[in-house]
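Reader: Please take one single part of this model and go through its surroundings carefully, stating each cut-off that you rely on.

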Amino acid sequence: LRIMHMRELRLRTPSAGAVSVVKTQQSSVSMRGAVRTAGSHSTQQVVQTALLSILLLFSPVQHLFALPGIGSGTAIAKELASGSGSKVNKDPQSLLRLALPKQGKEVRELQASLEESQDNLQRLLFSNANSAVGKAVGVLKSKEAAILKQVPSGRADEAKALLSQLSEGVGILKSQIVALQADAAISTQSKLLAQLSSLEEIIASDYAQPTPPTEFTSTVPWLKGRAEVAMTIKRDGEKFDVDGTLYDKLDLKMVVDGYSAPITSGNFVDLVQRGFYNGMHIQRSDGFVVQTGDPSVEGNGKEHGFTPPGETKQRKIPLEVMVRGDKQPIYGSTFDDDGRGGYASTMPFNAYGALGMAREEYDADSASSQWFWLLFDSDLTPAGKNLLDGRYACFGYTVEGARLLADVKEGDIIESASVTRGLDNLIKPTSSSTAT
């Protein structure tokens with residue numbers, strides 16, 4: 001494929017008839033005037049960019065991904081939420097912890113040491129894992145009081161119990177690592193990280209989350225904090241085959257984050273609670289994304305998004321993206337539009353099964369009910385070149401069953417979707433006419 005010598009490459013999705021144009025000239029690639037690669041970039045990188053533009057085409061035609069600019073910057077993957085360094089943090093639980101507000105440096109230090117231990121254990125680097133656990137032991141011994149100061153007064157007892165469990169657990173973990181008991185150590189490590197997540201959630205529980213702008217909350221629900229969604233996918237007359245294991249149904253658990261995307265998350269949780277996605281088909285599955293949410297594909301009207309009962313127009317939501325370290329999201333603009341292209345995103349598209357909101361290519365505020373799971377591939381989305389962060393809203397992660405998405409195909413059916421936790425965090429619109 002001699003892209004370097006082609007003046008224009010037209011890419012077509014046969015099912016939708018959508019056309020995207022990638023203009024290439026020598027060693028630069030341009031799409032919407034946003035992407036520029038230096039002359040030193042290899043032909044392989046240019047090919048990857050072109051392939052991404054194919055994979056990111058949405059079906060139906062009303063929802064197209066544009067190929068945005070390639071981000072830059074340097075960061076340690078486990079320290080920053082975006083994969084903008086030499087490695088990419090692909091752990092959804094770690095990314096969710098990193099996205100929690102109101103976490104002090106002592107908690108982040110404990111998290112970093114436990115995640116470092118986890119990483120080394122998975123690679124059977126016992127000496128390195130033992131060293132990282134030693135750091136965690138040190139934090140728990142010397143900084144417990146500082147951690148407890150971050151905890152809401154009414155939940156101090158819960159936090160103390162968790163810190164006690166963590167202290168006991170790291171001792172057990174250390175002995176398992178010394179004995180080279182890999183399976184037992186990995187199991188203990190998982191329990192410790194789950195306890196750490198609970199501790200961090202307690203610390204964040206009294207966070208004074210900013211209310212989104214009134215222009216949106218008057219017509220659209222929003223999520224304060226987080227919620228969990230359970231989803232079951234079935235296939236008529238066939239079983240799912242995931243790496244040789246057969247399944248009658250696929251059960252998924254997703255965490256939706258209202259701290260970084262309150263409007264997007266609230267809109268999604270509201271639609272799940274309404275039963276909007278129950279019985280809906282998977283409308284796109286191409287190995288890169290799994291997408292659904294267009295009622296017109298199901299034969300329910302001509303609109304490609306959700307129309308509230310009693311109304312004639314779709315409910316649309318703005319593009320909502322958040323730079324790591326900011327207090328509030330950016331609305332209606334990409335990171336590039338805001339002059340911060342390449343900055344780390346609070347909720348990056350790093351994990352397999354990340355949840356993203358679909359929108360029209362040239363209208364940032366056109367999202368409604370269509371959304372997708374991103375089947376993250378580090379070869380197609382290399383570190384430092386994440387093409388979605390800051391341009392599309394990532395509003396959560398699949399924390400259980402993500403790898404099952406590998407065999408989800410177009411035509412499979414969402415048997416059920418329900419909010420299993422956090423429904424009381426959903427704030428209804430202030431306008432009485434749209435609150436139902």
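**The surroundings of Gln283**

Author: A polar atom of the Gln283 side chain lies 3.0 Å from the backbone nitrogen of Asp294. The model is a predicted one, in which local features need pLDDT of at least 70 and side-chain atom pairs count only at pLDDT 80 or more, while totals for chains, interfaces and linings use all residues. Residues are numbered from 1 along each chain as its sequence is written, and side-chain values use heavy atoms, with hydrogens and water left out.

The side chain of Gln283 also makes a polar contact of 3.1 Å with the side chain of Glu298 (N or O atoms within 3.5 Å, one able to donate a hydrogen and the other to accept it; residues adjacent in sequence count only if both atoms are side-chain atoms). With a relative accessible area of 7%, Gln283 is buried (under 20%, with a 1.4 Å probe and protein chains only). Beyond its neighbours within four places in sequence, Gln283 is in contact (heavy atoms within 4.5 Å) with Gln291, Thr292, Gly293, Asp294, Val297, Glu298 and Glu410.

Gln283 belongs to the loop between H9 and strand S9 (284-285) (DSSP runs, helices H or I of at least four residues and strands E of at least two, numbered from the N terminus).

Conventions
Buried means under 20% relative accessible area, exposed over 50%, partly exposed in between (1.4 Å probe, protein chains only).
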